[in-house]
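Please keep the structure in view while reading.

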Amino acid sequence: ALEIVIWMIFALAHNLLLGQGGLPSFGHGAYLGIGAYAFGLLQQKAGAGLVAGLLGALVVAAAAGALVAAFISHRRGIYYALLTIAFGQVAWFVAVKWHSVTGGEDGLLKIARAPLELPGLTIPLASNEALFYFVLMLFALVLVGLWRLVHSPFGRVLRAIKQNEMRARFVGYNVWLYKWCAFVVSAALSGLAGSLFAMAQQSAYPN
């Protein structure tokens, strides 16, 4: 159940691109992986706690998504899809070869399930049950946030781009910017899912 809810967060993130914008990203697992590695490295190298680690993973994945989206948002259709595959393979290659940082094929091990620290309250997340309810809470927040986003003017423009990108451009919308923003948000939420997956597995691997 824990892993299912994490994959549901990842699916919602991917659906923002493919379901709402018609943008096929076949290398989107890269951002899940980037989030997992970022969470583990922030925890082990910088001593980040739970909230700092999750936010850091989200920001790092968003930055990676912003960089990739800057290169591919001017493309559409099969060319867009192929470029997402290419960048996904680059991320996998880096994860395998950069052994001093990622651990290579051995992965990043001993990622701890840090407790949730609130003012005057510390909630341990070591058990699968406790972590499940924490992930479920984050899933609810992501679900509500994305629901509001896709029902906003931004979401309507994104659906217009899906229906006819050229027409959306002709009526005055900055299509490149909307596609870029959608990719960044999707990558960020994928990174959040990756950080939660790293917590659940207590490790991060290239595959």
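Which helices and strands each supply at least two residues of the lining of the largest pocket? In this predicted model, they are helix H2 (29-46), helix H3 (50-72), helix H4, helix H5 (99-102), helix H9 (175-201) and strand E4 (203-204).

## The largest pocket

The largest pocket holds about 840 Å³ of space, and of the 38 residues that line this pocket, Ala-30, Gly-33, Ile-34, Tyr-37 and Ala-91 are the closest to its centre. Helix H2 contributes the most to the lining, with 10 residues. Sorted by class, the lining comprises 28 nonpolar and 10 polar residues, and no charged residues are found there.

Side chains of opposite charge can pair when their charged atoms come close. A search of the whole structure finds two salt bridges, and salt bridges that share partners join Glu-165, Arg-169 and Lys-179 into one network. In one of the pairs, the side chains of Glu-165 and Arg-169 meet at 3.2 Å, N to O; both residues lie in helix H8 (residues 165-170), where they are four residues apart, about one turn of the helix. In the other pair, Glu-165 meets Lys-179 through a salt bridge of 3.3 Å, N to O, and this pair links distant parts of the chain, with Glu-165 in helix H8 and Lys-179 in helix H9, 14 residues apart.

## A nonpolar surface patch

On the surface, Phe-26, Ile-78, Tyr-79, Leu-82 and Ile-85 form a nonpolar patch, and together these residues have about 570 Å² of accessible area. One of them, Leu-82, lies in helix H4 (residues 78-97), and helix H4 is also among the elements that supply at least two residues of the pocket lining.

## Positive phi values in loops

Lys-110 counts as exposed because its relative accessibility is 76%. Gln-202 likewise has phi near 60°, again a positive value in a residue other than glycine, and Gln-202 is found in the loop between helix H9 and strand E4. With a relative accessible area of 39%, Gln-202 is partly exposed.

## Buried residues and C-alpha separations

The table lists their C-alpha to C-alpha distances.

| Residue pair | Apart in sequence | Apart in space (C-alpha to C-alpha) |
|---|---|---|
| Ala-193 and Ile-6 | 187 residues | 5.6 Å |
| Thr-102 and Ala-38 | 64 residues | 9.5 Å |
| Val-184 and Val-68 | 116 residues | 9.0 Å |

Ala-193 lies in helix H9 and counts as buried because its relative accessibility is 0%. Val-184 also has its place in helix H9; its relative accessible area is 15%, so Val-184 is buried. Thr-102 sits in helix H5, and at 5% relative accessibility Thr-102 counts as buried.

Where is Ile-9 found? Ile-9 belongs to helix H1 (residues 2-21), and with a relative accessible area of 0% Ile-9 is buried.

Methods. Residues are numbered from 1 along each chain as its sequence is written. This is a predicted model: local features need pLDDT of at least 70, side-chain atom pairs count only at pLDDT 80 or more; totals for chains, interfaces and linings use all residues. Side-chain values use heavy atoms; hydrogens and water are left out. Patches are made of residues with over 30% relative accessible area and no salt bridge: like charges are joined within 9 Å, nonpolar side chains (Val, Leu, Ile, Met, Phe, Trp, Tyr) within 5 Å. Accessible areas come from the Shrake-Rupley method with a 1.4 Å probe; for residues, only the protein chains shown count as cover. A salt bridge is a side-chain nitrogen of Lys or Arg within 4 Å of a carboxyl oxygen of Asp or Glu. On a 1 Å grid over the protein atoms alone, a cavity is a set of points where a 1.4 Å probe fits but cannot get out, and a pocket is an open set with protein on both sides within 12 Å along at least five of seven lines; lining residues have an atom within 4 Å of a point. Grid points are joined across faces, edges and corners, and a volume is the space filled by probe spheres set on the points. Ala, Val, Leu, Ile, Met, Phe, Trp, Tyr, Cys and Pro count as nonpolar, Asp, Glu, Lys and Arg as charged, and the others, Gly among them, as polar. Buried means under 20% relative accessible area, exposed over 50%, partly exposed in between (1.4 Å probe, protein chains only).
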